[in-house]
Amino acid sequence: MESPTLPLPPSAAERRERRRWMALVVLCFAQLMNALDATIVNVALPTIQADLGFSQAGLTWVVNGYLITFGSFLLMAGRLGDLVGRKRVFLAGLLLFTAASVLCALAQDPALLIAARFLQGLGAAVSASVTIALIVIEFPGPDDRAKAMSVYMFVAVGGGSIGLLLGGALTEAISWHWIFLINVPIGLLTLVAGRALIDDDEGIGLRGGVDVLGSLLVTLALMVGIYAIVTSGEHGWGSARTLGLGAAAIALLAAFLAYEARVANPIMPLRILRLGGLMASSAVRVLLVCGMYAAFFVGALYLQNVLGYDALGTGLAFLPMTVVVGALSLGVTARLMGRFGPQRMTVAGLLAAGAGLALFATVGEQTSYFPHVFAAFALVGLGAGTAFLPLLTIAVAQAPRADAGLVSGIVNVSTQISGAVGVALLGAVSAARTDGLAADGRAPLDALLGGYRLAFVVAAGCVAAGVVVALLVLRPPQH
């Protein structure tokens, strides 16, 4: 009688392969929480205001507090990961984010909620700053890296629209506290899994000392600049306050760059600015994200204020964009990029996103969701799912291993700042147009619609400028 054949134990290579893909899932869960919390709060703001007694001015800080700390600490945290270990920094950020989520959920007054949102943004910045670097290190081969980045980009791009849907569902079904409480079990599980699955790395060390002054200068420059952007809607782009803060941010950034050129162990070695792929892709990304935020910000306002959608209906309306990005993330964009190259794919994605925004610019009071709005969202999703992966591929292709965290931080900073600029710029354009039309005697709804249309036109123009920049300066990465 023959003995049964026992399955062979997995080899070390197979175990390593399984571990790194499981580690990618962990990184994506952390990124999903960060992306969700940038938008999940928006649909719950009226309920939070009524429950905690927020003033209208104070309510904006529930969103702005998160955005300011998130954008300000990305660069410093990314470099810190290079120095002391990316896994260590990632887990510390995840722990802080989860703890701050508990504080947000338990807040019983406006001051505590705003303070907790600042802490939550800091935790998100620390964990997100090294996520791309960890993926780059785990997946050095171009094919596997493209697949891993596809999954990451789906989470990063689709997380915003999922946040709108989830925020509406939780707020209406249970309470607004659950938009923060949902982070706690996910954060704890991700923390435990990340500690077990992500490879340890020691970093390049602190032997040369820590660039404290450079860290403070760049963080302060980003904080002042982002604060100027997110509050420009209240005070106006041309106000002395906004212009003064903008000038201060530029002066701080110039002082930072001058100091980095002289210090022995800079937090941002200026050699990083000579990576042409990183700089060119960042310029294109800025224009694309500026334009795309019209779909999130102005699109949600149009659905609610003109078509009369509730919070849950608004979240559901974004599903075509999320589904298209998800479908492309299953390897479609990676395969097409291998065939046509990242520059062509970026241009194709920009053209699709621009077409979707141009279609949004033709909406009216009686526009039906299907096919008009549906097609616009789908085209924007097609553009995002096609363009972001090649842009990310070009950005990280030349990154030295020792600077991977810094490159990751720069990519995230360009995305975060351009998103903040996009929201502030499009909001100001829309409000100015609406006020102008109302002053001319237009009906309130017509004036509102005119403001939204102009914002979509400006957004499409940003993406069109991105096409020009991509054709002129974007080059395929040299492996």
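Tutor: Let us begin with a term: a salt bridge is a side-chain nitrogen of Lys or Arg within 4 Å of a carboxyl oxygen of Asp or Glu. Keep in mind that this is a predicted model, in which local features need pLDDT of at least 70 and side-chain atom pairs count only at pLDDT 80 or more, while totals for chains, interfaces and linings use all residues. Residues are numbered from 1 along each chain as its sequence is written, and side-chain values use heavy atoms, with hydrogens and water left out.

Student: What makes the contact of D403 and R79 a salt bridge?

Tutor: The N to O distance between their side chains is 2.9 Å, and the limit is 4 Å, so the pair meets the definition. Because D403 lies in the loop between helix 19 (369-397) and helix 20 (404-439), whereas R79 lies in helix 4 (residues 74-84), the pair ties together parts that are 324 residues apart in sequence. Helices here are DSSP runs of H or I with at least four residues, numbered from the N terminus.

Student: Why is D403 called buried?

Tutor: Buried means under 20% relative accessible area, exposed means over 50%, and partly exposed is in between, with a 1.4 Å probe and protein chains only. D403 has 1% relative accessibility, so D403 counts as buried, and R79 is buried too, at 3%.

Student: Which other residues are linked with D403 and R79 in a network of salt bridges?

Tutor: The network also includes D82, R86 and R271. D403 forms a salt bridge with R271, where the closest N and O atoms are 3.0 Å apart. R271 has 41% relative accessibility and therefore counts as partly exposed.

Student: How do you know that D144 and R20 form a salt bridge?

Tutor: Their closest N and O atoms are 2.5 Å apart, which is again within 4 Å. This pair links distant parts of the chain, with D144 in helix 8 and R20 in helix 1 (residues 12-39), 124 residues apart. R20 is buried at 7%, whereas D144 is partly exposed at 23%.

How values were computed:
Helices (H or I, at least four residues) and strands (E, at least two) are DSSP runs, numbered from the N terminus.
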